Amino acid sequence: MKHSGEPWTMSGMKDLNAPHEAPVRDFLQNLTTAPREHARFMNMLSMLEHMGSRKIMLSQMDKVLTEDILKHLAEEARHAYFFKRQAERVAGHALDGYNEENTMSRVPALMYFGRMDAGIAKIVGPDNAYPWVSLIIELRACWLYAIYQEVLEGSNLHISLKSLLAEEDMHLAEMFEMCGADEQRIQTLCRLETGLFEKLWTNLCATFSLPQAA
Ligand SMILES: [Fe+2]
Ligand SMILES: [Fe+2]
């Protein structure tokens with residue numbers, strides 16, 4: 001997995017998350033062999049992408065909506081659509097909405113998003129929440145999707161996250177430019193998000209573990 005560029009170095013994201021790389025990769029590798037659970041996982045990603053898109057929309061309601069922001073919002077909505085579509089393809093049937101049955105760790109995922117959004121907004125102030133929350137989400141998205149893409153490449157599922165990753169990478173660069181190089185702040189927020197991600201991931205692992213092959 002390779003990432004380059006300032007936000008990676010400055011945030012300390014890679015070092016902080018280095019211990020999680022191998023377990024996350026193992027989890028995803030097992031998951032891709034279990035279609036029903038894999039579909040539920042992708043539907044959870046769809047839900048988080050949808051929440052991201054919706055959050056951008058709500059945060060801009062009383063502001064001047066620019067082309068850049070509309071593009072960002074539309075791309076996150078498309079990511080939600082992408083994961084929903086792939087989840088349905090793997091499941092072999094429709095997965096309408098996001099409920100306990102069709103969404104893995106639904107409540108912990110909602111809590112992850114809600115707590116991160118509220119935690120970051122409290123530190124940076126509501127007016128700066130859009131770029132900062134987005135920046136931290138993009139770091140996680142790029143980190144996770146890069147590992148996920150490698151796992152998918154090694155599977156026979158014919159799912160590619162390449163164009164999605166390219167868009168997340170672009171968002172990351174844009175948000176980093178908007179936020180400015182505030183090293184202390186980016187590290188604080190990155191630690192906050194990593195703690196919440198660890199909680200969500202613990203729950204995912206408790207929800208799905210493949211029995212070791214005999
Ligand atoms: Fe996205
Ligand atoms: Fe994004």
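Reply: What follows takes the labels one at a time.

This is a predicted model, in which local features need pLDDT of at least 70, side-chain atom pairs count only at pLDDT 80 or more, and totals for chains, interfaces and linings use all residues. Residues are numbered from 1 along each chain as its sequence is written, and chains are lettered from A and ligands numbered from 1 in the order in which they are written.

Me: What makes up the secondary structure of the protein chain?

Reply: The protein chain has eight helices and zero strands. Helices (H or I, at least four residues) and strands (E, at least two) are DSSP runs, numbered from the N terminus. Along the sequence the pattern reads α-α-α-α-α-α-α-α.

Me: How do you know whether the radius of gyration of the protein chain agrees with a compact globule?

Reply: The radius is taken over C-alpha atoms, and the globule rule is 2.2 Å times the number of residues to the power 0.38. For 214 residues that gives a value near 17 Å; the protein chain has 17 Å, so the two agree. The C-alpha atoms fill a box of roughly 50 × 35 × 30 Å along the principal axes.

Me: Why is Met-42 called buried?

Reply: A residue is buried if 20 or more other C-beta atoms lie within 10 Å of its own, exposed if 12 or fewer, and partly exposed in between; C-beta atoms are placed from the backbone. Met-42 has 26 such neighbours, so Met-42 counts as buried. Met-42 sits in helix H3 (residues 35-59). Buried residues make up 36% of the 214 in the protein chain.

Me: What does Met-42 touch, leaving out residues up to four places away in sequence?

Reply: Met-42 touches Phe-83, Gln-86, Ala-87 and Val-90. Contact here puts the two C-beta atoms, placed from the backbone, within 7 Å.

Me: What makes H2 kinked, and where?

Reply: The bend at a residue is the angle between axes fitted to the seven residues ending there and the seven starting there. In H2 the kink is about 50°, centred on Pro-19.

Me: Which residues of H2 are buried, and what covers them?

Reply: The buried residues of H2 are Met-13, Asn-17, Val-24, Phe-27, Leu-28 and Leu-31. Their cover includes helix H1 (6-11), H3, H6 and helix H8 (183-207).

Me: Which residues of H6 does H2 meet?

Reply: In H6, Leu-139, Trp-143, Ile-147, Tyr-148 and Val-151 meet residues of H2, including Val-24 and Leu-28.
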